[in-house]
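Me: I am new to this structure and would like to learn how to read it. Could you take me through it, one feature at a time?

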Amino acid sequence: MLFTLYEFLGFCAVLLLLYYIIPKKAQWPLLLIASYAFYFIAGPQFLPFIAATTLTVYLTARLMQSIADKQSAYLKAHKEELSKEEKKIFKDKQKRKKLFWFVLCLLLNLGILATVKYANFFISNINSALTSFGSKNVLSFVNMIVPLGISFYTFQSIGYLIDVYRGTVKAEKNVFKYALFVSFFPQLVQGPIGRYGDMSETLYIPHNFDSKQVGFGLERVLWGYFKKVVIADRLFVAVSTMIGDPSTYNGAYAIVIMLFYTVQLYADFTGGIDITIGLAEAMGIRLSENFDRPYFSKSLKEYWRRWHISMCSWFRDYLFYPVSVSKPMQGITKFSKKVFGDKVGKRIPLYLSSAIVWFSTGIWHGASWNFIVWGMANFAVLMISEELEPLYKKFNDKFKFTKSFPYTLFRILRTFALVCALNLFDCYVSIATTGKVFFSAFGASNYHVLFDGSLLKLGLTSLDYIILLGGVLLMLTVSLLQEKGSVREQIFRLPYPVRFMIYYGLFLIIILMGAYGIGYDASQFIYNQF
Amino acid sequence: MKAAAKKWIKFIVSAVIVVVTLSLLQAILMPKYSVDGPFEGAFVAEYYGETKDHDVIFVGDCEVYENFSPIVLWRDYGINSYIRGSADQYIYQSYYLLEDTLRYETPKVVVFNVQALDPKREAEAKEAYNRMSIDGMKWSPSKIGAINSSMLEDEQFLDYVFPILRYHSRWSKLDKDDLAYMFKLEKVSHNGYLMKVGVKPAENVPEGRPLPNYEFTEKAWKHLDMMVELCEKKGIKLLLIKAPSLYPYWYPEYDEQVVEYAEKHELTYINFLDETIQAETGVDYTKDTYDMGLHMNVEGAEKLASWLGKYLTENMGLTDRRGESELAARWLDKIELYEKDKTEKYEKYEKEKENTEAN
Amino acid sequence: MEKLLEILTDLHSDVDFETEENLIDDGILDSMDIISLITEISEEYDVTITAKDIIPANFNSAKALYALIERLSDED
């Protein structure tokens, strides 16, 4: 069972109240209890999974830490008597020990993730391979439960494990504190993927009630719900109608799907993260930002620095960098330089690492081929623009207008269109359908549907479209206001009555215009005959 | 000190504004059943405006609120009665509406229509009917019981506590009635009776299709037991009836269960579908129904009330109260309204009939 | 240090690396640049920069980067 909206809000309200009336020392234990209660209510059968990850990673980290501690103690004690050579041998030996435990724990946890999330994906691929070789025997699918938030907490745990292995953070001694880091419920379901180094700064310390901080946190929660309930959930109706029937909704509809889905995804995901970060903020806990107004990006590369930041930086720090500077990759560099010459040879390993990262990013999003293709499509676009970079530069240097605002706007819109197109891979499981729908947009004969009222048959009324338009404009305005710093600070400086009107107005808009509740359309409260 | 006081004032003023505006919004967003219909949604709330010293309380669905005329019960027998009906009222709602009524008064007889036990209907329960049976109730443990026993899987308790959460999207459909009737109800019933006029004879009413299972549900039995117990505790006589509606089909298998239960608990059960009783009441399905046998028109409802009045007087010990001057005065107004309503409805009906015939 | 500046300027000719202190935080160097940089540096200075060394503090300025190189060659 998942929480309903009311239950979740009630849960948070009670928690927040308790959080500030109990002794400060008990605050983080309360959060741990709340997080496990949350997880328990979501599904008791998931508990062993998160507990296993928590314990194995905790113990391995402690073990690695004690090896590291002993190593530096030994080196310190024998500083004078050891030669440089001996020191190196000793260090290598310790490193191998650490590495052994590290790899064991990593494989175990990745193994759990792979099994519950990807087992059926592997099986279906093996089966299609078997059938294409003419085999009549196929493997049967396994019935797997996918624990809530497993991708997020596994990645968060692995990040911590790597940090401890590298020595950039010290292993947490208190198993309960560590368990809270893994299970902190606001971010459990959809991130952001936290780093232990950042989160531990505010997660465990006592927090006094600070009305401004709590207010700001709740304000952000409210804003998140606005995006989710008023915009995303409303668009969902039309998007699912269109995606559900690709044989009807193609051609000009492809444009509508891409646009609507992209707006929906943005409102839903950033709204959800606003709720998460705002809730944590209300409890004095700082989580890392996950978005930096991504649709203002001027290139896809920039977009991926501003969208889902915690995931992208995770892949960068824990996959791209290690792979790129690894010994095998350095070997490939040397080899490819010999074969292709200095300039081209240098880029080949870079692209190879990128491809690995994008493949992983794709499969991280879901266990099916469309996500892998989506990842590789991103990779392709990024690499092409990387190659064209010198050309752009020449072009930009030559023409003055490239520095002007209209040209910047053009680049922003171009990037947005590109993101819209790439998002289409999200919509259909079948890649063939994605391709068909996408290419049907070119030279389609049904462009009249954009104007003849067909859009009113997708489950949205003209009033819904007006609300959506208003909502999108409001999101845009807020994003533009962010240029001048925190919008909440800007509102805070206004006189109280105005501020109150803004907060309460937003609340009323959510209450009245939110797409929530039974059938959400009480205005069509249709009765049958009696 | 001063700053703190200012802070508190700010907080209190804001809170008051929020509460007041939200209450007003909720009042304006609630469906105005008593003017826009369906009128059935207005019945439950209408009861609270009555003087509560009734001899007989009916609980049940359209088979009571369209089939028995309390006016005739008074006019001919001096029985002061009220129908607490609502559309598609399930047994558990009947129980809690009765419990709610007993908070205000203790009648001598409670009449319960057993159609509410129909398991087929319980399985097809709809949120809309739940809302119409419950929204009008005043807050009490009975209302909470009604909500908890009625809620369907996708319903939430909070939606009943704050109906604005349920009706929030009605803002786009508001009209002047929503403003005018924010805090008042238009009277739509005659002591819970909804008058219908016109004739559509019952022809070829199909027999019910066989069901895989005729058992009343555990939930239904439980609430029937509770109802029996409640009446016993309060010293009220419980009368079970099955109104003479030809549809929804009343299976003999259903009837057997009720008969058996009534015998076991020494209750009286009157099945108006029974041929002898039907002959006694004089209900004529070619004249007395406005919708081909589902419900009675006013003629039929008066016939049934007349029969029931006689039965209640002779067998349940009800006395004629027409001598109580205050009560009689109240009923005088009610009868006047009733006759006026009847005339108007007949005029409207005749006009419509002429129109359809002309076309 | 001069060689390092040369490598950096090769990568981004329009940046003044002698004064710039926020190469990472301001997004001047992206992940691709960093890897290219590491490849060049390891050839030039014969040091091994591992993933754990890739943190903003080490790459935000030419000075910090040079300090890293010196530290790493010291350890070897």
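Reply: Happy to! Let us begin with helices and strands: helices (H or I, at least four residues) and strands (E, at least two) are DSSP runs, numbered from the N terminus. By that reading, chain A has 20 helices and zero strands. This is a predicted model, in which local features need pLDDT of at least 70 and side-chain atom pairs count only at pLDDT 80 or more, while totals for chains, interfaces and linings use all residues. As for labels, residues are numbered from 1 along each chain as its sequence is written, and chains are lettered from A and ligands numbered from 1 in the order in which they are written.

Me: How many helices and strands does chain B have?

Reply: Chain B has 17 helices, and five strands as well.

Me: What share of each chain counts as buried?

Reply: A residue is buried if 20 or more other C-beta atoms lie within 10 Å of its own, exposed if 12 or fewer, and partly exposed in between, with C-beta atoms placed from the backbone. Of the 359 residues of chain B, 38% count as buried; for the 530 residues of chain A, the figure is 32%.

Me: Which pair of chains shares the most contacts?

Reply: Two residues are in contact if their C-beta atoms, placed from the backbone, lie within 7 Å. Of the two pairs of chains in contact, chains A and B share the most contacts. There, 26 residues of chain B are in contact with 18 residues of chain A. On chain B's side, the elements that give two or more residues are helix H1 (2-29), helix H8 (127-134), helix H10 (157-161) and helix H11 (164-167) of chain B. H11(B) supplies the largest share, four residues.

Me: What kinds of residues make up that side of chain B?

Reply: Ala, Val, Leu, Ile, Met, Phe, Trp, Tyr, Cys and Pro count as nonpolar, Asp, Glu, Lys and Arg as charged, and the others, Gly among them, as polar. The side of chain B that touches chain A divides into eleven nonpolar, five polar and ten charged residues.

Me: And where does chain C come in?

Reply: Chain C meets chain A: 15 residues of chain A are in contact with 13 residues of chain C. H12(A) gives the most to chain A's side, with six residues. That side has five nonpolar, four polar and six charged residues. Chain B and chain C do not touch, and their nearest C-alpha atoms are 41 Å apart.
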